[in-house]
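Please examine the sequence and the three-dimensional structure shown below.

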Amino acid sequence: MSKQDGSGRVVTVEPTDDTSASILHLDMDAFFASVELLARPELRGRPVIVGHRGARSVVTAATYEARRFGVNSAMPMAVALRRCPQAVVLEPHYERYQEASAHVMRILGDITPLVEPLSIDEAFLDVRGALGLFGPPYAIAVAVRERIRAETGLVASVGAAATKFVAKLASGRAKPDGLLVVPAADTLTFLHPQPITALWGVGASSAERLERLGLRTIGDVADAPLDALERALGPANARHLHELAHGRDPRAVTPERQEKTIGHEVTFERDLADPAAIDRELLRLAERVAERLRRGGWVARTIAVKLRFGDFETITRAQTLAEPSDVAQRVAREARALYAASSVVGRGLRLIGVRASGLLPTGTVARGLWDDDEPWREAETTIDAVAEKFGRGAVRRASLLRDSAPRRGSVPDG
């Protein structure tokens, strides 16, 4: 895959009438940083980092000029500034990113109803039904990129292929500001020289096991005996990677993409070790998660906590509920129990996160004759109504009136 700094970029230069590459993957280039530069055009061409300047902050995004110094998202800000001391640091404005994302998704929806957003800044499109109106995939991708630039001032890269996996891989190779079309007939020629880490599902551990077998490229994986892959990775993972390595990916573009997780996390200026303060933070995060569950019409089957220590070691713990819930008190109770059982009580925490998953539509879950959460549910829905009218924070739990620790703010992570 192309490096995050844009080196190794490959693009389609000449227009092509090929219609087999009908799945597009569109990915906005350095999205958060690019949105910030709309308000600060004088910084274009300079290394810019988006994030807070606090000692415990991490990089939210970086321009390609900063990436060439080795600056990447999620990197500690202190490390980023050592690598690129001349970088300009801009505070993030998440509402601007949401607005820009909504504009881009509307543009995509004008081309085809088959749009599957993957995140705030990327989406798949199936353009087979749009070929008669707008021309071949190459022409559609060119038109979409030009319209996004004209209407938003932002830049997108696009990969076009016969499968979702190859389309996403192609958009990465085209970055920044590029378009790469991989016709179906050229799929294996494109895929097989790529490193094994380009395969979806291959992380550091899987890559190490594959490399022990002498496998370095996707082509090597395609040529490897399936039973050897199964011994190294297990049957399910082996078959998955074997199929991808042969260019086979049957997944369709799915417009209605259910939100899989809802979470919030907070990073502290100083490690937090006081159990009472941690207890308050877990409740605070649980409230944010439950509020989003109710607003979205979901209940969660599973609650998880994420705990990161001062040395960046991170652990997660999860528990499936007896009955799905959207009640903050229930989410907090499970989160506190997970923390208490984690064997790290008393150890300083750099970051705490609470996440809900296994989401189900609220109306599809029948409650028992006796619902322990009902009194809390009534109270929390009342708070929702007050917040709708007077703003979030108009009513707060007494236990949260006392602040626990200097923090960088609660950030949604799902």
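K306 stands opposite T316 in strand β11. In this predicted model, local features need pLDDT of at least 70 and side-chain atom pairs count only at pLDDT 80 or more, while totals for chains, interfaces and linings use all residues. Residues are numbered from 1 along each chain as its sequence is written, and side-chain values use heavy atoms, leaving out hydrogens and water. Helices (H or I, at least four residues) and strands (E, at least two) are DSSP runs, numbered from the N terminus.

| Pair | Sense | Bridges |
|---|---|---|
| β10 (residues 298-309) and β11 (residues 314-325) | antiparallel | 8 bridges |
| β10 and β12 (residues 349-361) | antiparallel | 11 bridges |

In β12, R355 is the bridge partner of A304. The hairpin of β10 and β11 has 4 residues between the strands, and F312 takes a positive phi near 75 degrees there. Of the 12 residues of β10, 9 are buried (under 20% relative accessible area, with a 1.4 Å probe and protein chains only).

Strand β2 (residues 48-50) pairs with β4 in the parallel sense over 3 bridges, and I49 stands opposite V89 in β4.

Among the helices, the axes (lines fitted to C-alpha atoms over the stretch in contact) of α4 (residues 94-111) and α6 (residues 137-152) come within 10 Å. These axes cross at roughly 145 degrees, on a scale from 0 to 180 degrees between N-to-C directions.

How values were computed. Pairing = 2+ DSSP bridges. Buried < 20%, exposed > 50% of the residue type's maximum accessible area, 1.4 Å probe, protein only.
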